[in-house]
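Subject: Handover of a structure and summary of findings

Dear colleague,

Please find below the structure that I am passing on to you. I would be grateful if you could read the notes after it with the structure open.

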Amino acid sequence: MGAKNDCIVLYPYPAMGHLISMVELGKRFLDLTESFTVLVIVAEAPFVLPNVDAYIKIVSETHPSIVFVRIPPLPYFYADDYYPPRLRTIELAFEFMRASKPFLRLALQAISLFTKVRALFLDFFGSPVMDVADELGIPPYLFMASPAAQMALFLYLPTMHLNTTASFKDLDGSLLEFPGLPLFPAADIPQGLEDRNKKAYQEFLEMSKRIARAAGFVINTFDPLEPRAVKALADGVCLPDGRTPPCYTIGPLVAPDKGDGGVECLKWLDSQPRKSVVFLSFGSMITFPTEQLREIAAGLERSGRRFLWVLRSSDDKDADLDALLPEGFLDRTRGRGLVWKSWTEQAAVLSRESIGAFVTHCGWNSILEGVCAGVPMVAWPLYAEQRLIKVLVVEEMKLGVSVEFEKRGLVSAGELEKRVRELLESEEGNAIRERAEVMKAKATSSFREGGSSQRAFLELAKTLGALTRPSKEFTFTCL
């Protein structure tokens with residue numbers, strides 16, 4: 001059994017979405033076991049912003065058993081390469097983590113002088129450092145902050161690569177078949193996989209081969225949300241030899257609702273009727289041009305629905321709202337709509353009784369927050385694996401509807417109005433809302449005694465040699 005000073009080490013790609021999910025994993029370990037300290041190694045990077053430092057400070061104060069270790073800055077990596085996200089970012093992410101190997105090795109060697117490292121948890125961008133864990137005799141586990149379906153896709157990618165000579169971008173109009181996934185259009189393949197002749201594709205292909213030798217997969221999902229993908233992984237059908245590493249579905253891991261982000265915004269929501277407000281939020285990485293903002297504004301106005309819109313603009317971050325939005329829009333929608341340019345805590349918003357629909361960019365953290373809140377979704381994917389997640393939300397989980405894009409890459413006012421009305425005013429929208437409520441209950445029960453996520457966590461802890469707390473104390477909340 002593990003001693004009190006044993007530890008697990010988490011090494012996330014140092015962007016907020018990856019960092020938060022992995023820290024939540026560390027918190028769950030502390031809820032579960034008396035055996036471990038949790039160490040989080042953070043590589044200094046050009047995209048580590050002040051809010052990351054503030055986040056680390058808060059976690060350190062509230063969870064002193066989580067210890068952060070900083071790796072020095074790496075040369076030749078520049079912030080302009082990462083913002084806004086583009087295809088090159090994928091290549092840089094792998095390159096950045098690969099370049100950190102000497103620093104990670106030194107950090108792990110130093111940590112091992114004082115404590116036994118039971119496991120190293122990496123996300124898929126961190127897969128190039130798996131050989132460091134092998135050198136030091138530390139079991140490497142892959143933590144998947146994305147859906148189980150994406151894990152199934154990655155594992156099957158080398159087989160797909162051998163079965164065709166065509167790039168996915170040349171299969172326009174074709175439906176792709178991967179174990180554990182519904183049939184989906186080639187256009188919805190995750191960003192970076194479109195062209196087999198590009199470096200991003202080669203990085204993903206090599207990553208897919210590497211992760212097959214991990215000690216296990218820890219996935220931020222829960223069995224009732226993705227039964228087809230979970231079964232495909234368990235049955236070993238994603239790899240040609242059928243030897244899939246053990247899979248632990250331990251989600252949903254979402255940051256808890258602290259209810260302290262954007263207090264005035266939350267007060268406004270609490271004054272609105274139940275299930276009446278459309279919430280629009282598109283993450284922290286992408287901003288819209290003024291043309292798209294005005295289409296959104298027109299669509300919301302024409303829908304006649306109440307709304308809360310977290311707005312970020314790419315044309316002029318300091319411009320006032322009147323300059324960004326159609327003339328008179330704020331006056332005409334005053335009272336039934338709120339445009340919010342400041343930060344607000346998304347989990348706190350989604351937990352409000354007044355929220356009736358969530359227009360989301362389909363980041364997996366956001367989808368899980370929507371699921372935990374029981375809110376139906378309008379899927380508006382923007383980058384990375386979000387088009388694939390859109391397919392899962394709409395076709396597999398049936399928890400939302402999706403927007404259609406014009407040829408110029410925009411979503412028109414009429415399209416947004418149509419999807420909002422479809423979700424809030426149609427029989428199908430009512431059916432989606434009922435399914436969302438059912439899935440919320442399943443998300444909560446997954447962490448109760450005997451639930452699928454609790455069982456998976458206990459099995460993982462047993463594998464790592466952890467002394468677990470009595471099961472009556474092992475309780476999680478979703479939001």
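The notes below go through the findings by topic.

Please bear in mind throughout that this is a predicted model.

The central sheet

Seven strands make up an open sheet, which has the order E3-E2-E1-E4-E5-E8-E9 and parallel pairing. At its edges are strand E3 (66-71) and strand E9 (247-249), each of which pairs on one side only. On average, neighbouring strands of this sheet are turned by 25 degrees against each other, direction ignored.

Helix H18 (residues 452-464) lies across strand E1 (6-11), E2, strand E4 (117-122), strand E5 (140-144), strand E8 (216-219) and E9. Relative to E9, H18 runs at about 135 degrees.

The contact of H6 with H7

Helix H6 (residues 148-163) and helix H7 (residues 199-211) have axes that come within 9 Å and cross at roughly 105 degrees. Because angles of 65 to 115 degrees count as roughly perpendicular, H6 is described as roughly perpendicular to H7. On the H6 side, the residues that meet H7 are Met151, Phe154, Leu155, Leu157, Pro158 and His161. Their counterparts in H7 are Tyr201, Phe204, Leu205, Met207, Ser208, Lys209 and Ile211. By class, the residues of this contact divide into 10 nonpolar, 2 polar and 1 charged.

Aromatic pairs

How many aromatic pairs does a search of the whole structure find? The search finds 19. One of the aromatic pairs is formed by Tyr156 and Phe178, in an edge-to-face arrangement with 5.8 Å centre to centre and 75 degrees between the planes. Tyr156 belongs to helix H6, whereas Phe178 sits in the loop between strand E6 (175-176) and strand E7 (184-185), so the pair ties together parts that are 22 residues apart in sequence. Tyr156 is buried, at a relative accessible area of 18%. Phe178 is buried too, with a relative accessible area of 2%.

Ring pairs also link Tyr13, Phe94, Phe124, Phe125, Phe154 and Phe204 into a cluster. Two of these residues return from the helix contact described above: Phe154 in H6 and Phe204 in H7.

Backbone features in the loops

- The peptide bond from Gly251 to Pro252 is cis, and its omega is near 0 degrees. Pro252 is found in the loop between E9 and helix H9 (263-270).
- Lys275 is not a glycine, yet it has a positive phi of about 55 degrees. Lys275 is placed in the loop between H9 and strand E10 (277-281). With a relative accessibility of 19%, Lys275 counts as buried, because the limit for that class is under 20%.
- Ala384 likewise has a positive phi, of about 55 degrees, although it is not a glycine. The loop that holds Ala384 runs between strand E14 (377-379) and helix H15 (386-396). At 25% relative accessibility, Ala384 counts as partly exposed.

With kind regards

Key. Residues numbered from 1 in each chain as written. Predicted model: local features only at pLDDT ≥ 70, side-chain atom pairs only at ≥ 80, totals over all residues. Heavy atoms only, no water. Axes fitted to C-alpha atoms, helices over the stretch in contact; angles between N-to-C directions. Helix = DSSP H or I, 4+ residues; strand = E, 2+ residues; numbered from the N terminus. Parallel < 35°, antiparallel > 145°, perpendicular 65-115°, else oblique. Contact = heavy atoms within 4.5 Å. Nonpolar A, V, L, I, M, F, W, Y, C, P; charged D, E, K, R; others polar. Pairing = 2+ DSSP bridges. Phe/Tyr/Trp six-rings, centres within 6.5 Å; stacked < 30°, edge-to-face > 60°. Buried < 20%, exposed > 50% of the residue type's maximum accessible area, 1.4 Å probe, protein only.
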